[in-house]
Amino acid sequence: MNSRSKRGSRSQHSDAQLERSSNGQRAGKRSRTGRGRDSRLDSDERTFSSDRRGRDARNKRAYGSERSYGDVDDRRSSAQRGSGRGRSDERRSYSRREQQGPSADYKSKGAKRRDSREMPEDRLYGRNPILEALAAGQTIDKLWVLRHGEQGRDPRLKQLVQACKEAGAVIMEIERRAMDRLADGFPHQGCIAQTAVKSYLELDTYLSNRESQAPDLILIADKIQDPHNLGAMIRVADTAGASAVIIPKHESAGLNATVAKASAGASAYVPVIRENNLSQTLKRLKDAGFWILSCDMSGEDLYDSEALKPLLTAPLALIIGNEGKGISENLRRLSDLCLRIPMLGEISSLNASVSAAIVAYEILRRRRQELPMT
């Protein structure tokens, strides 16, 4: 073999070795790259699993279950389950939810619902609106204020409470949690006022303006707390010809927007008198010539009562009791005649406004028989 052929074979051998070395380096590089990518994916999976376990623990404490509002982790499409892109999308979505808080979706939806609602027309939130209403002469029915220990040292809140007391409002101290629930998301500054749709009439004013011999009828609502019931009673008073409705200052619904709506407009025509003590009110009515009637299951039959006949020509005041407890015992003792509506079925009670309507119209019917001009 000559020198030229030896040099050619060495050159071919060297080229083969270089090619094998290059292929081995590329394979090693691909192997290392694959191992690095797999390692990063495994690390991401471990981090994601750890974050998810922490998220589940937080949601369990907040909601009582491991799934948060709007959780989509377990509702992935089958195409996303095996793809890295699906996992990345979930991690980004989860990261956004974590930054916003576990109930961010719920809060945002609640905020949208609250923003779409109008503020109740008979509620005032915060110090300045309430003070402006007082300055304008608007009647404040109730004032909810934080308990004394939760008011801090805000002198303006104390001045507001004093001003509402002087204006005749009922002051109710409640805890901050109850205040926040009552505000329903509106800023309250520690005080919420409920306004009356119109001013209350004073009993002295009513007694001084009425004709002394007129056979008036007054409805007395003894602690009727359902505004729909009170509104219906005011409607009955208007249609049956009653001259006024009396309610207690405490433990009773006031002349709010719900009462006005339930009365179908009658609250604009029937005077409503609000008194601190109904027992004293009955005594004053007796002094003014009124006879006091009460409606209770222990009384005489409404349609057979002979004791009612001589009272028809006199002014009458009819007491209707609370929806659940009935008439207070002290008011029952002060009544001159107790009447009972007969019950023929299995149910032994009627709605308060229905009872008021039945008795009021029976009095009207009998008066028309005895007094044709009525």
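User: What volume does the largest pocket have?

Analyst: This is a predicted model, in which local features need pLDDT of at least 70 and side-chain atom pairs count only at pLDDT 80 or more, while totals for chains, interfaces and linings use all residues. Residues are numbered from 1 along each chain as its sequence is written, and side-chain values use heavy atoms, leaving out hydrogens and water. On a 1 Å grid over the protein atoms alone, a pocket is an open set of points where a 1.4 Å probe fits, with protein on both sides within 12 Å along at least five of seven lines; lining residues have an atom within 4 Å of a point. A volume is the space filled by probe spheres set on the points. Here the largest pocket has about 380 Å³.

User: Which residues lie nearest the centre of the largest pocket?

Analyst: Cys295, Asn322, Ser349, Leu350 and Ser355 do, out of 21 lining residues. Strands are DSSP runs of E, at least two residues, and helices runs of H or I, at least four, numbered from the N terminus. β8 (291–301) and α13 (352–370) each supply at least two lining residues, and β8 gives the most, with 3.

User: Is Arg210 buried or exposed?

Analyst: Buried means under 20% relative accessible area and exposed over 50%, with a 1.4 Å probe and protein chains only. Arg210 has 13%, so it is buried. Arg210 sits in the loop between α8 (203–209) and β5 (217–221).

User: Which residues does Arg210 touch, not counting those up to four places away in sequence?

Analyst: Contact means heavy atoms within 4.5 Å. Arg210 touches Asp216, Ala288, Phe290 and Pro315.
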